[in-house]
Amino acid sequence: MNLLDTLRIARETRDPARLVEAIPYPQWMGMAPEITTGEFLTRMRYRPENIGNPILPALHGGTIGALLEMAAVLHLLWDSESVTLPKIINITVDYLRSGRPIDTLARATVTRQGRRVVNVEVIAWQDDRSKPVASAQVHFLVTPAD
C-alpha cells in the first residue's frame with residue numbers, strides 16, 4: 001500500500017498509528033503516533049540501540065532529532081488536507097537535557113501556515129512534560145491543496 005492510500009485510510013478510520021504503515025523509518029526507529037487525552041503525540045519506544053552514551057546511559061541525539069522531525073511530519077500528515085509528504089526545508093534542534101533510557105514523547109504545533117511553507121514547533125519529553133529533553137523549529141515546503 002502506498003503513502004496516499006495509507007493516509008486516506010488512517011484519516012477515514014481516525015487511526016493515527018496507521019500513518020507509519022507506509023513509512024519504514026519510523027517503524028524501524030520504534031516511533032508511532034497516538035492520540036492521548038485528545039492531543040496528537042508521537043512516541044518513540046525505548047530501544048537499547050538508541051543509546052548514544054552507554055556510560056550515563058543517554059539516548060543518542062540523532063534519535064531525538066529524528067523523533068522531533070518525524071513528529072512534525074506525522075502531525076502535518078494527520079492535520080492538513082494535503083495528500084503529499086511535506087518536504088523539509090530546515091530544522092533547528094535544541095537539546096535541553098539528556099534523554100534517559102525510557103520512552104520519549106513529542107508534540108508538534110503548527111506556528112504558521114502559509115500557502116507553500118509551514119512552520120512547526122516540536123517539544124519532546126519523557127516522564128515529565130515540564131522538563132523537555134529537546135525542542136525543534138521545523139520549516140516545510142507543502143503543496144497547496146487544490
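**Close-up views of a predicted model**

**View 1. A polar contact of 2.4 Å links the side chains of E39 and R129.** A polar contact is a pair of N or O atoms within 3.5 Å; within protein, one must be able to donate a hydrogen and the other to accept it, and residues adjacent in sequence count only if both atoms are side-chain atoms. The model is predicted: local features need pLDDT of at least 70, side-chain atom pairs count only at pLDDT 80 or more, and totals for chains, interfaces and linings use all residues. Residues are numbered from 1 along each chain as its sequence is written, and side-chain values use heavy atoms, with hydrogens and water left out. E39 has 14% relative accessibility and therefore counts as buried (under 20% relative accessible area; exposed is over 50%, partly exposed in between; 1.4 Å probe, protein chains only).

**View 2. Y25 and W28 form a tilted aromatic pair, one of two aromatic pairs in the structure.** Their rings are 6.3 Å apart centre to centre, with 35° between the planes. Rings of Phe, Tyr and Trp (its six-membered ring) pair if their centres lie within 6.5 Å; planes under 30 degrees apart count as stacked, over 60 as edge-to-face and the rest as tilted. Y25 is partly exposed at 38% relative accessible area, while W28 is exposed at 56%.

**View 3. F40 and W78 form a stacked aromatic pair.** The distance is 5.9 Å centre to centre, and the planes are 25° apart. Both F40 and W78 are buried.
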